[in-house]
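Please read it alongside the sequence and the coordinates.

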Amino acid sequence: MQQPSPRLTPPNDRFAPNRFGRLRALWRRVVTWLRPQPAPQGPQPDLHRFMERARSLGQECACLFLALDQADDLRRDLAPAQLQRLREDIINRLRPILRSEDTLGPDGATAIWVALAPTAKMNLENLIAISGRLMAAADQPFDGAGRLLYPSCSIGLALASQCPAASAAQLEKAARQALQAAQAHAPAAIRLYCATLPPATPLPQPSRSVMTQALQKGQLHPWFQPQISTDTGDISGLEMLARWHHPNNGVLPPANFLPALGAAHLLPNLCEQMVQAGLSWLSQWDAEGLGIPEISINLSAQDLADPGLADRIAWHLDRADIAPHRLRLEILETIAAAPPNDASTRALGQLAALGCPIDLDDFGTANASISAIRRFHATRIKIDRSFISHIETDRSQQQLVAAMISMAEHLQIATLAEGVETAGAHAMLCQLGCQHVQGFGIAHPMPGGDLGKWLASHRAKQGSIENWGPKARQAR
């Protein structure tokens, strides 16, 4: 009798449950990916809850915003994923500093909000102390764009009791307004909201007609930031920085008007006014015996495109009876790194022949070649502030700056470091052999009328310091 043949089972049947399970998991992932993600929650829900509890307990709560300084540079240098990782990294470092009830979250690509829960000890002094700890935690190295970055931040603070109205929306608005004030004094600035702060919305860029009137009425003035010799400790020059003395909004920094001047092709007009005013101040300081060696002015690509630039500068120098070597001209490294431009090369060649020294500004950010340095007749490089921010502790920054200084020595050009904020950075740059330094740690930009008082104070301090640099050490 023939045995019944066994039932044939397809070999893959035993894998069917696993296969369908994988399909279901894949489908869930697709649905999750396609589902609209909720918008990031801002601080208002938590602030509303905190303010209700603070009122019932007779306590105080607060809101603050922390924003990365030089956000435009970070967006340029970092990919979006890197920028997001930087922000998340900072958030993770801030959490341990806050209490368990405090909340925080992202605010755009380069800012973070923090809602501080109510407490009886919440006052201005404690709030500033908290901000300082948050700032120190955020100011840590980040590996991005092939090198270590040190993204400093500015902070705006607001206490609920200081707001114009008792609402979460008003508290958030007040903290944003304080942040705007801090960013106007960046880097690493902290500002508390008060009723006298300017509006939270930034001033719109003025029109061409408004800027033309400002130039015609003489509202744009040079301010001066001292540069110091690391050999002697005395002043070695002044950089001119434009300020708009607005009739209604006070003194405005360049960010509020330079883009408008550039769009209106009025930068050459500003340059001529700055040269004329700067040379006038230099003549006055000479008459007062202040001993200012030189002043410097930034030249834009629009300035260098003007074929009459060298002739006009020569005329202003002759009119003020100032030697050409006392007017230093600064060009951005991005201009030198760009493809050769006949107009720029010709203008700088004429100015160098006139006797004006030329600085290559923001050096290290645009990969200018040595031939470009020669082509633009540079006599000094200004090492960008991004290489100076932590030079007293960061070995990699020390090595990079040492390499730049060594290259400059071989090319027989001088060096100046920008963005010097601390005495430690100043001392390290002296040790590395950088010849000049400039930054908030030495002096903030100031009107020409304030320079005499600052210089007297600086030289009085110098008189009590025995050592400043290599020459002083050799003299002992």
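The structure is a predicted model. The protein chain holds 18 helices and 17 strands. Of its 476 residues, 45% are buried. Among contacts with a separation of 6 or more, 67% link residues 24 or more positions apart.

- Five strands form an open sheet in the order 2-3-1-6-7, and their pairing is mixed.
- The edges of this sheet are strand 2 (103-106) and strand 7 (190-192), each of which pairs on one side only.
- From one strand to the next, the twist averages 15°.
- Strand 6 (residues 153-159) and strand 7 run parallel and are joined by three bridges.
- Within this pair, Ile 155 is positioned opposite Ile 190 of strand 7.
- Helix 2 (residues 44-57) packs on the sheet, where it touches strand 1 (60-68), strand 2 and strand 3 (111-119). The direction of helix 2 makes about 20° with that of strand 3.
- Helix 6 (residues 168-183) also packs on the sheet, with strand 1, strand 6 and strand 7 as the strands it touches. The direction of helix 6 makes about 145° with that of strand 6.

**Packing of helix 9 with helix 11**

- Two packed helices are described by the angle between their axes and the distance between the axes.
- For helix 9 (residues 267-288) and helix 11 (residues 309-320), the axes come within 10 Å and cross at roughly 20°. Helix 9 is therefore roughly parallel to helix 11, as angles under 35 degrees count as roughly parallel.
- The crossing of helix 9 past helix 11 is right-handed.
- Helix 9 contributes Glu 272, Val 275, Gln 276, Leu 279 and Ser 283 to the contact. Helix 11 contributes Arg 312, His 316, Leu 317, Arg 319 and Ala 320.
- Classified by residue type, the contact of helix 9 with helix 11 comprises four nonpolar, three polar and three charged residues.

**Packing of helix 11 with helix 13**

- The axes of helix 11 and helix 13 (residues 342-354) come within 9 Å, with a crossing angle of roughly 25°. Helix 11 is thus roughly parallel to helix 13.
- Helix 11 passes helix 13 in a crossing that is right-handed.
- On the helix 11 side, the contact involves Leu 309, Ala 310, Ile 313, Ala 314 and Leu 317. On the helix 13 side, it involves Gln 350, Leu 351 and Leu 354.
- Leu 317 takes part in the contact with helix 9 and in the contact with helix 13.

**Arg 312 in helix 11**

- Arg 312 belongs to helix 11 and is partly exposed, with a relative accessible area of 28%.
- Apart from neighbours within four places in sequence, Arg 312 contacts Glu 272 and Asp 306.
- Arg 312 and Val 275 are 37 residues apart along the chain, and their C-alpha atoms are separated by 9.8 Å.

**Strands 12, 13 and 14**

- Strand 12 (residues 327-332) and strand 13 run parallel, joined by four bridges. Leu 329 has Ile 358 of strand 13 as its bridge partner.
- Strand 13 also pairs in the parallel sense with strand 14 (residues 380-383), over three bridges. Here Leu 360 has Ile 381 of strand 14 as its bridge partner.
- Strand 13 (residues 358-363) is largely enclosed by the rest of the structure, because five of its six residues are buried.

**Positive phi values in loops**

- His 265 has a phi near 60°, a positive value in a residue other than glycine. His 265 lies in the loop between helix 8 (258-263) and helix 9, and it is exposed, with a relative accessible area of 57%.
- Gln 412 likewise is not a glycine and has a positive phi of about 60°. Gln 412 is located in the loop between helix 15 (395-411) and strand 15 (414-417). Gln 412 is exposed, with a relative accessible area of 73%.

Key. Residues are numbered from 1 along each chain as its sequence is written. This is a predicted model: local features need pLDDT of at least 70, side-chain atom pairs count only at pLDDT 80 or more; totals for chains, interfaces and linings use all residues. Side-chain values use heavy atoms; hydrogens and water are left out. Two strands pair if DSSP finds at least two bridges between them. Helices (H or I, at least four residues) and strands (E, at least two) are DSSP runs, numbered from the N terminus. Axes are lines fitted to C-alpha atoms, for helices over the stretch in contact, and angles run from 0 to 180 degrees between N-to-C directions. Contact means heavy atoms within 4.5 Å. Angles under 35 degrees count as roughly parallel, over 145 as roughly antiparallel, 65 to 115 as roughly perpendicular and the rest as oblique. A crossing is left-handed if the near helix is turned anticlockwise from the far one by less than a right angle, and right-handed if clockwise. Ala, Val, Leu, Ile, Met, Phe, Trp, Tyr, Cys and Pro count as nonpolar, Asp, Glu, Lys and Arg as charged, and the others, Gly among them, as polar. Buried means under 20% relative accessible area, exposed over 50%, partly exposed in between (1.4 Å probe, protein chains only).
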